[in-house]
Amino acid sequence: MTTIRFKTALLAGVLLPSALLITGCQTAETRTIDASGPQALNTGGINSQDWYAAADQLVGSLLTSGALDKAAVQPAVLAIDRIINNTQLNIDTDLLIKKIRVALIQTGKVAVTNTMGLGERAVVASEAAEMDEMTTGKKAKTPAINYTLYGKLIQQVDRLNGVTQNTYSFQMSLVDVRTGLTVWEDDRAIAKQTKKSTLGW
Amino acid sequence: MKMSFRLLAAPVMAAGLLAVLSGCATNVNTVSRAQPQAATNYISDKRVVTDNTLARTVRINAINQGVVSGNLLKIQAEVENLKNDLRSVRYKFEWIDKDGMAVNGPTEGWRVLQLQGRETVNISTVAVSPRAVDFVLKISEL
């Protein structure tokens, strides 16, 4: 009898604190961080800092090239063409292109048109133009497009001695629609190495 | 006999230590034109050091300023690793308008910079707003 009571007490004494300890460890902690800051999680994928870095480098390169200054009209009219995602990641390419659009518009060198291209924005712009034509009886003149911007994201994976290296290339080209010539191009890469832990699963 | 072992052990250990140390070194040697043709526009700067260890590791040698696309400020900083091994730091450029207000760009953020031993690297950025007239370069340990 005494033995059973002792065992019960022992079990309770060991199991209860263990259970408390385990559940205590599961407490989730969330904090708000700067998406472009040093606290952003660094993974083998493209993290928030990488998008900012790639956009900054591409915008800096485009502006330094002076390609936008050669447009017949200022600000130059730019249409965003397709951004192809050839990585293994399921990502929204607007994470890159939106930053580039915002930056280019802020420079005052570019006006981005929505009457051409793919997606919701082009449809809305087209419908708005139709509505305007119906109400005014006149077809509104849309400004001629000077440039189109297109890009591609590529991922290369290399593995050696337990280290995986993901190299992401951010390629972008600016095409003069009048001549069909590429007037600016750049390719910026971000490489990330991940070493698999020798312990654990 | 004991004496001779000690006499032998000292040079062997020293040689081993030297081998290990030289093995870690990734110093960079450079060659450039003796009389540079580039017309740089180095500006005078004000420095605030809050991390002395970092200041002894990485140094900003010069800041070069230019203008691109007619009215956009471009800043290039020459960063030097003062140590003999690979070092990584973070840096960030911030822009300020003529009224002293921060001009936040959509691509502004912290970047990672890796420098080989004794390497000098140029980091640069372009202000996306024509309102930017001044800048702040922040640098911190990774």
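This is a predicted model: local features need pLDDT of at least 70, side-chain atom pairs count only at pLDDT 80 or more; totals for chains, interfaces and linings use all residues.
## Chain A at a glance

Chain A has four helices and five strands. Reading from the N terminus, they come in the order α-α-β-α-β-α-β-β-β. Of its 201 residues, 22% are buried. If you look at contacts between residues at least 6 apart in sequence, 64% of them join residues at least 24 apart.

## Helix α2 and what follows

Helix α2 of chain A covers residues 48-65. Its 18 residues should span 26 Å at 1.5 Å a residue, and that agrees with the end C-alpha atoms, which sit 26 Å apart. This helix is largely enclosed by the rest of the structure, because 14 of its 18 residues are buried.

A:Pro75 belongs to the loop between α2 and β1 (76-86) of chain A. For context, most peptide bonds are trans, and most residues other than glycine have a negative phi.

## Two positive phi values outside glycine

A:Asn161 isn't a glycine, yet its phi is positive, about 50 degrees. You'll find A:Asn161 in the loop between β3 (147-160) and β4 (163-176) of chain A. It has 5 C-beta neighbours inside 10 Å, so A:Asn161 counts as exposed.

Over in chain B, Arg118 of chain B also has a positive phi, near 60 degrees. B:Arg118 lies in the loop between β5 (111-115) and β6 (120-126) of chain B. Here there are 17 C-beta neighbours inside 10 Å, so B:Arg118 counts as partly exposed.

Technical notes. Residues are numbered from 1 along each chain as its sequence is written. Chains are lettered from A and ligands numbered from 1 in the order in which they are written. A residue is buried if 20 or more other C-beta atoms lie within 10 Å of its own, exposed if 12 or fewer, and partly exposed in between; C-beta atoms are placed from the backbone. Two residues are in contact if their C-beta atoms, placed from the backbone, lie within 7 Å. The expected span of a helix is 1.5 Å times one less than its number of residues.
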